[in-house]
Amino acid sequence: MLRVFLFLCITINLFAQNFTVASYNVENLFDLKKQNTEYKEFIPFTKSKWNKKNFNIKLKNTIRVIKDINADIIAFQEIENKDLLVFLKKKLPQYKYHSFSKYPKSSVGIGFLSKIKIINNNTINVKFKRRTYRPIQETTFRIDNIDFKIFNNHWPSKRVAESYRIKYAKRLQDRLKKLPKDYDYILLGDFNSNYDEMQSFRYNKKLNNTDGITGINQVLNTSYNKRYVTYDDVLKIQKKVHFNLWLDVEGKERFSSKFRNQNNTPDNIIIPPALLDTKRISYIHRSFNVFKPKYLYKNKQVQRWKMKNRIHQGYGYSDHLPIYAEFSTNKENRNLVKKLELNKTEINKISHLYSKTKLIEPIILKNIIVIYKNRTSAIIKQKNDKAIYIYKNAKDLKLGYSYNIKVNQIKNYNDLQEIEDFEIIQKNAKYENYKDLYINNKTNILNPKYQNEIITNLRGIIKNRKLYFNGKVIYIYSKNKELLPKNNQNILIKTGHISVYRGNMQIQIHKKSDYKVEY
């Protein structure tokens, strides 16, 4: 009897497996057959030089990415037609299965190549009277006798307002509501929406025609009560919510494309609680990542397919980087939603706040020192640990004093970590040498790990709202533009708040005394 049991256990483990799912917007992969739906620059054999040579280069480059990422399932956006996907599949014999969806009048479609069996492919229609975009692709896969779905998305770009993407989100959510509660599925693709869209589009009058409501956050419910759904609460919320895997990586790594040198996350992988409940298929904790070898991402630039004056230059890849995540049917790998076993000392450090998206329970910080103060805001720091910014309600904190505080809530504002709500528990003694906690001008302040620190004794020259210093350059920012130093002024930064905005490091000026004009 024991032998039978051991045999069954070994057999089950043999069949249980891990698999990788990726998403890649290949940026306009067109063939050389004229079909009258191409973008103008992809009409074959015209002045744009979309010819056999450039097609072969683009195809070869796309195949290189697919081979190197080596996902078991890879979803594509911006492939012209099914024939081209099948042609791609023939070049990649490791992929036995494919599926594709497109509207006849659309320029590009969406599809899958898969090593895992595809058993069904459906289309969720999202149509508009005056515009043609893409459908949502619903493909069903089977692994270890478990069926699961992946919904491949390519929502309208930000040339149109958020109401267009809201429509996509509602159609998708309506379909998801019809699935069994514990059904395993993945939402992925180019949503043309940042994971923090409700924050990043808020003040954009062109985009925000929905009173602050976004498709990705409020309709798909990757946020709940104006905060992002996290590991700590995803299984506790009764409402149908989703977890966006971008929250699984550090803020500085949250980008799959760049726009005006700012980090953007139009590509997303979003999962339901069913992939976190350890029952059938589970997402492997911290396996989400961006695929960015040097040939795709170099000198902080995405190596996109190069065009000049709408003429193909014959090199490059895509304006998007692929993203991927790992999943498992193996019970031993279902280690999701495990709370990190941190000792009390670690929890009571400011650095712990940087590992959180939001707080489910308050955290007590002892012996924090106020190293910077400006009216209702402050920067606090612990000895031998990090600093953090308190954006408002810090009027009762005094510069140079030590406190014990209870942090009720934190916030990430465009990559800058902040304390949003706190209470003073105890005021301690004054720390006379608080300026010793500043960082000096030899520190590499372009490293995001120094965000919210105070830099001192840094000299440089101002050019176009940038500080040039020691052969480096950093943005200078102030909410009050009148506080900013003028062009070509040589300045000494006395107390500069090192901050970050969507991947770009900057020195934030809060008051005139933060710097001195030398000449």
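Let us start with helix 2, which covers residues 52-69: its 18 residues reach 26 Å from the first C-alpha to the last, close to the 26 Å expected at 1.5 Å a residue. That expected span is 1.5 Å times one less than the number of residues in the helix. Helices here are DSSP runs of H or I with at least four residues, strands are runs of E with at least two, and both are numbered from the N terminus.

Before going further, a word on what you are looking at. This is a predicted model, in which local features need pLDDT of at least 70 and side-chain atom pairs count only at pLDDT 80 or more, while totals for chains, interfaces and linings use all residues. Residues are numbered from 1 along each chain as its sequence is written, and side-chain values use heavy atoms, with hydrogens and water left out.

Back to helix 2. Its buried residues are Asn54, Phe55, Lys58, Leu59, Asn61, Thr62, Ile63, Val65, Ile66 and Ile69. Buried means under 20% relative accessible area, exposed means over 50%, and partly exposed is in between, using a 1.4 Å probe and protein chains only. An α-helix has 3.6 residues a turn, so residues three or four places apart point the same way. The buried residues of helix 2 pack against strand 1 (18-29), strand 2 (73-79), helix 3 (82-91), strand 20 (311-312) and strand 21 (323-328).

Most residues other than glycine have a negative phi, and most peptide bonds are trans. Asn225 also has a positive phi, near 55°. This residue sits in the loop between strand 9 (223-224) and strand 10, and Asn225 counts as exposed because its relative accessible area is 62%. Asn470 has a positive phi as well, near 45°. You will find Asn470 in the loop between strand 29 (466-469) and strand 30 (472-477); with a relative accessibility of 62%, Asn470 is exposed.

Next, look at the charged side chains. Side chains of opposite charge can pair when their charged atoms come close. The structure holds 20 salt bridges, each defined as a side-chain nitrogen of Lys or Arg within 4 Å of a carboxyl oxygen of Asp or Glu. One of them joins Asp147 and Arg142, at 2.6 Å from N to O. Asp147 is partly exposed, with 28% relative accessible area, and Arg142 is partly exposed too, with 35%.

Another salt bridge pairs Asp233 with Lys358, their closest N and O atoms being 2.4 Å apart. Asp233 lies in the loop between strand 10 (227-228) and strand 11 (243-244), and Lys358 in the loop between helix 8 (350-353) and strand 22 (363-374), so the pair ties together parts that are 125 residues apart in sequence. Both Asp233 and Lys358 are buried.

Asp319 and Arg304 form a salt bridge as well, with the closest N and O atoms 3.6 Å apart. This pair links distant parts of the chain, 15 residues apart: Asp319 is in the loop between strand 20 and strand 21, and Arg304 in the loop between strand 18 (301-302) and strand 19 (307-308). Asp319 is partly exposed at 23% relative accessibility, and Arg304 is partly exposed at 44%.

Now visit Leu353, which lies in helix 8. Leu353 is buried, because its relative accessible area is 0%. Leaving aside neighbours within four places in sequence, Leu353 is in contact (heavy atoms within 4.5 Å) with Leu359, Ile363, Leu365, Ile388, Val407, Ile410, Gln417 and Ile419.

On the surface, Tyr203, Tyr413 and Tyr501 form a nonpolar patch, with about 330 Å² of accessible area together. Patches are made of residues with over 30% relative accessible area and no salt bridge, joining like charges within 9 Å and nonpolar side chains (Val, Leu, Ile, Met, Phe, Trp, Tyr) within 5 Å. Accessible areas come from the Shrake-Rupley method with a 1.4 Å probe, and for residues only the protein chains shown count as cover. Tyr501 belongs to strand 32 (residues 496-501) and is partly exposed, at 31% relative accessibility.

Finally, consider confidence. The protein chain has a mean pLDDT of 93, and 94% of its residues reach 70 or more; pLDDT is the predictor's confidence in each residue, from 0 to 100. Over residues 4-14 pLDDT stays under 50, and the model has one contact beyond four places in sequence for them.
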